[in-house]
Amino acid sequence: MAVPTAYSLIATDLDGTLLRGDDTLSDRSRAALARVARAGAQHLVVTGRPAPRVRPLLDDLGSTGLAVCGQGAQVYDAGADRMLWSVTLDRELAETALGKIEAEVGEVYAAVDQDGVDGLTLIEPGYLMPHPTLPAVRVERRGDLWDRPISKVLLRHPRLTDDALAAAARSVVGSLATVTMSGPGTVELQPCGVTKATGLALAAEHLGLSPERAVAFGDMPNDIPMFDWAARGVAMANAHLELKAVADEVTASNEDDGVAVVLERLFGGPGRPGRQRVAPDQYAPKTLSIEP
């Protein structure tokens, strides 16, 4: 029998949130997501990873629904293996933005995620993948990054911290692109105005779901727009301080199944009956936040 709950949409980031550090999903998290499904609620992956890098995980979960990928630039239909919606980053604007950033902070190393269900991740000389388990193709020169349409650019600096690089990029990029920080060693440029919230809002509208009954989980500043959109935002114990500052709740770390801890409370688990009521202010709609 489905457990009555206040939430019908569960939006989870992957890296540092639902997944453990070794890119695996624990048995406890799998069981919690299964209870979500039995309760009739919808689980949506909302990640910075492009669709081709998310597809194996969705296959493992047996998911045939939607996933929000590429920091919100892609809404992917796993069952049909097609993009329901996607937007690309203009490659000339991306090159211009890179030039402005390098004029400000010196040489950076770049990578791109190509658009499409079969798009590749291309990395230029010097760029190190923050997730070595994810496949990437090394190119000989930066110009090769622009051979096909792209959804985003990934940046690394040999000396600056992620926070410093992101701040410097925002100070010079302006309306050329949206700057996000999505994980250790991961500062990104994506189409201007596109965030996880824009992709999540599109997917939720397609499914007939509303932000008033949504709870979102994340760990990095790129999850802030998603928290603004959803009725409730839950940060992981390992989350960036900027995200914790706007979260409604902080759960355990991704290594300690923090997502499952909350889902067991909401949807039931071993010895944990699902809650049927939440405080009225948890239903208060939030304003969609889109970075300039």
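Is glutamate 249 buried or exposed? I found glutamate 249 buried, with a relative accessible area of 15%, where buried means under 20% relative accessible area, exposed over 50% and partly exposed in between, with a 1.4 Å probe and protein chains only.

Before going on I noted the conventions: this is a predicted model, in which local features need pLDDT of at least 70 and side-chain atom pairs count only at pLDDT 80 or more, while totals for chains, interfaces and linings use all residues. Residues are numbered from 1 along each chain as its sequence is written, and side-chain values use heavy atoms, with hydrogens and water left out.

**Entry: glutamate 249.** I located glutamate 249 in strand 14 (residues 249-250); helices (H or I, at least four residues) and strands (E, at least two) are DSSP runs, numbered from the N terminus. Not counting residues up to four places away in sequence, glutamate 249 touches Arg232, Gly233, Val234, Ala235, Val262 and Arg265, contact meaning heavy atoms within 4.5 Å.

**Entry: cores.** I then looked up the largest nonpolar core, which has 33 residues, and those with the most contacts inside it are Ile10, Tyr76, Phe217, Leu263 and Phe267. Such a core is a set of buried Ala, Val, Leu, Ile, Met, Phe, Trp, Tyr and Cys residues joined through side-chain atoms within 4.5 Å. Two or more residues each come from helix 1, helix 2 (27-38), helix 3, strand 3, strand 12 (214-218) and helix 9 (258-267), and helix 9 gives the largest share, 6 residues. A second, separate core of 28 residues includes Val108, Ala110, Leu122 and Leu145. For isoleucine 10, leaving out residues up to four places away in sequence, I listed contacts with Val36, Gln42, His43, Leu44, Val215, Phe217, Leu263 and Phe267.

**Entry: helix 2 and helix 9.** The axes of these two helices come within 9 Å and cross at roughly 30°; axes are lines fitted to C-alpha atoms, for helices over the stretch in contact, and angles run from 0 to 180 degrees between N-to-C directions. Helix 2 passes helix 9 in a left-handed crossing, a crossing being left-handed if the near helix is turned anticlockwise from the far one by less than a right angle, and right-handed if clockwise. I recorded Arg28, Ser29, Ala32, Leu33, Arg35 and Val36 on helix 2, and Ala260, Val261, Leu263, Glu264 and Phe267 on helix 9, as making the contact.

**Entry: helix 4 and helix 5.** Helix 4 (residues 91-105) and helix 5 (residues 162-173) pack at an angle of about 120°, with their axes 9 Å apart. That makes helix 4 oblique to helix 5, since angles under 35 degrees count as roughly parallel, over 145 as roughly antiparallel, 65 to 115 as roughly perpendicular and the rest as oblique. Helix 4 passes helix 5 in a right-handed crossing. Among the residues making the contact are Ala97, Ile101 and Val105 of helix 4, and Leu165, Ala168 and Val172 of helix 5.

**Entry: valine 105.** Valine 105, which lies in helix 4, is buried with a relative accessible area of 15%. Leaving aside neighbours within four places in sequence, valine 105 is in contact with His157, Arg159, Leu160, Leu165 and Ala168. The C-alpha atoms of valine 105 and leucine 160 are separated by 8.5 Å, although the two residues are 55 residues apart along the chain.
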